[in-house]
Amino acid sequence: MARSHGVNQELTELLNQLWSLDTNRLRPGTDYIISPQGRAGYVAQGSNYARDRARAPLFTYVNEDKLKSIETYAHFINLLDNYETSTGVSETVTSEEHRENRLFIDAIMETDVMKCAHKYLVRKGQSPSDLGQFKRQLYDIWFRLYHRDRSGGEDSCGFEHVFVGETKYDREVIGLHNWIQFYLQEKHNHIDYKGYKARDNKDTPDEDDHVLNLQFSWKGLVKPVGGSFIGVSPEFEVAVFTIIFLMSTEKMTSVVVKVDEYVLELVVFRYGRSIGTSYPKLLSSNNRDL
């Protein structure tokens with residue numbers, strides 16, 4: 001399962017099941033409003049100049065009261081300030097942060113999305129049926145620290161890279177594939193959204209789209225393109241990428257699935273027993289070829 005170009009039917013079926021179980025997904029136009037604006041241009045490798053094709057933020061509105069009233073979101077948001085974003089700078093995990101990590105895993109395991117994912121992984125022989133052991137497996141995949149920058153100490157983990165974002169040598173943005181973190185960073189003027197990414201002469205994404213390819217700058221550094229789900233719950237993303245991670249032993253796994261109206265390439269990089277990175281890449285939406 002290293003790389004597949006055709007649509008993976010088994011995972012498509014499973015992920016649509018998870019999609020329909022994701023009752024904590026926020027509703028576009030009601031719970032949040034996005035403004036995709038212009039199509040972002042090319043950014044040369046190593047450059048931190050990007051022409052701004054979006055004068056306004058990506059997020060026009062998010063119902064924060066609703067966001068913070070959903071248990072899994074509230075625990076997720078608590079984790080976002082636990083990391084030193086620069087690679088090469090060792091992470092120190094306090095006992096309080098360990099506790100917050102465990103509370104997040106406890107909360108997502110109460111959801112039907114994660115229960116369904118667990119059941120599937122047990123059936124496939126990839127996860128223990130015992131809930132406590134499965135939670136430990138999730139902890140290792142997402143929160144176990146490792147060296148991303150070989151020059152320093154344990155400076156990274158899957159959760160930090162994927163959901164919080166990191167900077168490398170203070171020259172580039174890596175990771176940061178989560179819409180909640182994007183919204184919060186944008187709200188605090190740390191992120192400047194530059195526009196959506198799509199191939200030439202293709203359709204503009206619309207305000208109802210739940211997956212986007214984005215260009216933005218964060219802390220003055222440009223991310224030329226980053227794929228992100230929009231509006232989905234934290235448990236949905238953890239479920240999807242945990243399944244793809246555990247169903248392959250390859251260093252890089254890429255699968256194509258059709259979830260709801262979106263044809264996606266889901267990419268996961270392995271870092272030993274943990275996730276190195278994971279993200280969605282939108283290929284087409286609503287039969288529009290992006």
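This is a predicted model: local features need pLDDT of at least 70, side-chain atom pairs count only at pLDDT 80 or more; totals for chains, interfaces and linings use all residues.
Is Ile-230 buried or exposed? Ile-230 has a relative accessible area of 1%, and because the cut-off for buried is under 20%, it counts as buried.

Where is it in the chain? Ile-230 sits in the loop between E8 and H9. Setting aside neighbours within four places in sequence, its contacts are Tyr-32, Ile-34, Phe-59, Trp-179, Asp-209, His-210, Val-211 and Leu-212. Arg-25 is 205 residues away from Ile-230 along the chain, yet their C-alpha atoms are 9.0 Å apart.

Now the chain as a whole. There are 9 helices and 12 strands. The chain has 290 residues, and 55% of them count as buried. Take the contacts between residues at least 6 apart in sequence: 67% of these join residues at least 24 apart.

Next, the core. The largest nonpolar core contains 79 residues. Leu-18, Phe-59, Trp-142, Phe-159, Trp-179, Leu-264 and Leu-266 have the most contacts inside it. Helix H9, residues 234-246, gives the largest share of this core, with 9 residues.

Beyond four places in sequence, Leu-18 touches Val-113, Cys-116, Ala-117, Phe-236, Ala-239, Val-240 and Ile-243. Cys-116 is itself buried, at 12% relative accessible area. Cys-157 is buried too, with 1% relative accessibility. As for disulfides, the count is 0.

Trp-179 takes us to helix H8, which covers residues 179-187. Why do I call this helix largely enclosed by the rest of the structure? Because 8 of its 9 residues are buried. Those residues are Trp-179, Ile-180, Gln-181, Phe-182, Tyr-183, Leu-184, Gln-185 and Glu-186. At the start of H8, a side-chain oxygen of Asn-178 comes to within 2.9 Å of the backbone nitrogen of Ile-180. After the helix comes Asn-189, with a positive phi near 65 degrees.

Now the open space. The largest pocket holds about 850 Å³. Its lining is made up of 34 residues, and the ones nearest its centre are Glu-172, Val-173, Ile-174, Lys-223 and Val-225. Strand E5 (172-174), strand E8 (221-229), E10 and strand E11 (274-285) each give two or more residues to that lining. E8 supplies the largest share, 6 residues.

Which side chain does Glu-265 pair with in a polar contact of 2.6 Å? The partner is Ser-254.

To close, back to the opening residue.

Notes:
Residues are numbered from 1 along each chain as its sequence is written. Side-chain values use heavy atoms; hydrogens and water are left out. A polar contact is a pair of N or O atoms within 3.5 Å; within protein, one must be able to donate a hydrogen and the other to accept it, and residues adjacent in sequence count only if both atoms are side-chain atoms. A disulfide is a pair of cysteine sulfur atoms within 2.5 Å. Buried means under 20% relative accessible area, exposed over 50%, partly exposed in between (1.4 Å probe, protein chains only). A nonpolar core is a set of buried Ala, Val, Leu, Ile, Met, Phe, Trp, Tyr and Cys residues joined through side-chain atoms within 4.5 Å. Helices (H or I, at least four residues) and strands (E, at least two) are DSSP runs, numbered from the N terminus. Contact means heavy atoms within 4.5 Å. On a 1 Å grid over the protein atoms alone, a cavity is a set of points where a 1.4 Å probe fits but cannot get out, and a pocket is an open set with protein on both sides within 12 Å along at least five of seven lines; lining residues have an atom within 4 Å of a point. Grid points are joined across faces, edges and corners, and a volume is the space filled by probe spheres set on the points.
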